[in-house]
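Hi,

Here is the structure I promised to pass on. Have a look at it first, and then read on for what turned up.

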Amino acid sequence: MALKEQQIRVRLEQLKERHEALKSRLSGLESAPEANELEIKRLKKEKLSLKDDIQHYQDMLIPDMDA
């Protein structure tokens, strides 16, 4: 079942907010002298996954074009 456009936009906004939160958290962790490298790697991986999900939802908003 395809998601309606409004549902896609809501989910896309949620993903973007989570991505920005991770970006901010990572920035703080990376600048800390006692940074936990394992946590930083895990958060970077999650951030990258969110970026992929964001792209997927953005692609869903682009109408299919007949070739």
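A word on terms before anything else: helices (H or I, at least four residues) and strands (E, at least two) are DSSP runs, numbered from the N terminus. On that basis the protein has two helices and zero strands. Its radius of gyration (taken over C-alpha atoms) is 16 Å, well over the 11 Å from the globule rule for 67 residues (2.2 Å times the number of residues to the power 0.38), so the protein is more spread out than a compact globule. Along the principal axes, the C-alpha atoms fill a box of roughly 55 × 25 × 20 Å.

Please keep in mind that this is a predicted model, where local features need pLDDT of at least 70 and side-chain atom pairs count only at pLDDT 80 or more, while totals for chains, interfaces and linings use all residues. Residues are numbered from 1 along each chain as its sequence is written, and side-chain values use heavy atoms, with hydrogens and water left out.

**Helix 1 and what it packs against**

Helix 1 covers residues 5-31, which makes 27 residues. From first C-alpha to last it reaches 39 Å, close to the expected 39 Å (1.5 Å times one less than its number of residues). Across the whole protein, 18% of the 67 residues count as buried.

His19 deserves a look of its own. Histidine 19 has a relative accessible area of 15%, so it counts as buried. Leaving aside residues up to four places away in sequence, histidine 19 touches Lys47, Leu50, Lys51 and Ile54 (a contact means heavy atoms within 4.5 Å). Taking contacts between residues at least 6 apart in sequence, 67% join residues at least 24 apart.

**The salt bridges**

Side chains of opposite charge can pair when their charged atoms come close. How many salt bridges does the structure hold? There are five, counting a side-chain nitrogen of Lys or Arg within 4 Å of a carboxyl oxygen of Asp or Glu.

One of them joins arginine 18 and glutamate 46 at 2.7 Å, N to O. Arginine 18 is partly exposed at 37% relative accessibility, and glutamate 46 is partly exposed at 27%.

Another pairs glutamate 30 with lysine 44 (3.1 Å, N to O). Glutamate 30 is in helix 1 and lysine 44 in helix 2, so this pair ties together parts 14 residues apart in sequence. Both ends are partly exposed: glutamate 30 has a relative accessible area of 42%, and lysine 44 comes in at 44%.

Glutamate 46 also meets arginine 42 in a salt bridge (3.7 Å, N to O). These two are four residues apart in helix 2, so about one helical turn separates them. Arginine 42 is partly exposed as well, at 45%. Through shared partners, salt bridges join Arg18, Arg42 and Glu46 into one network.

Cheers

Notes: Buried means under 20% relative accessible area, exposed over 50%, partly exposed in between (1.4 Å probe, protein chains only).
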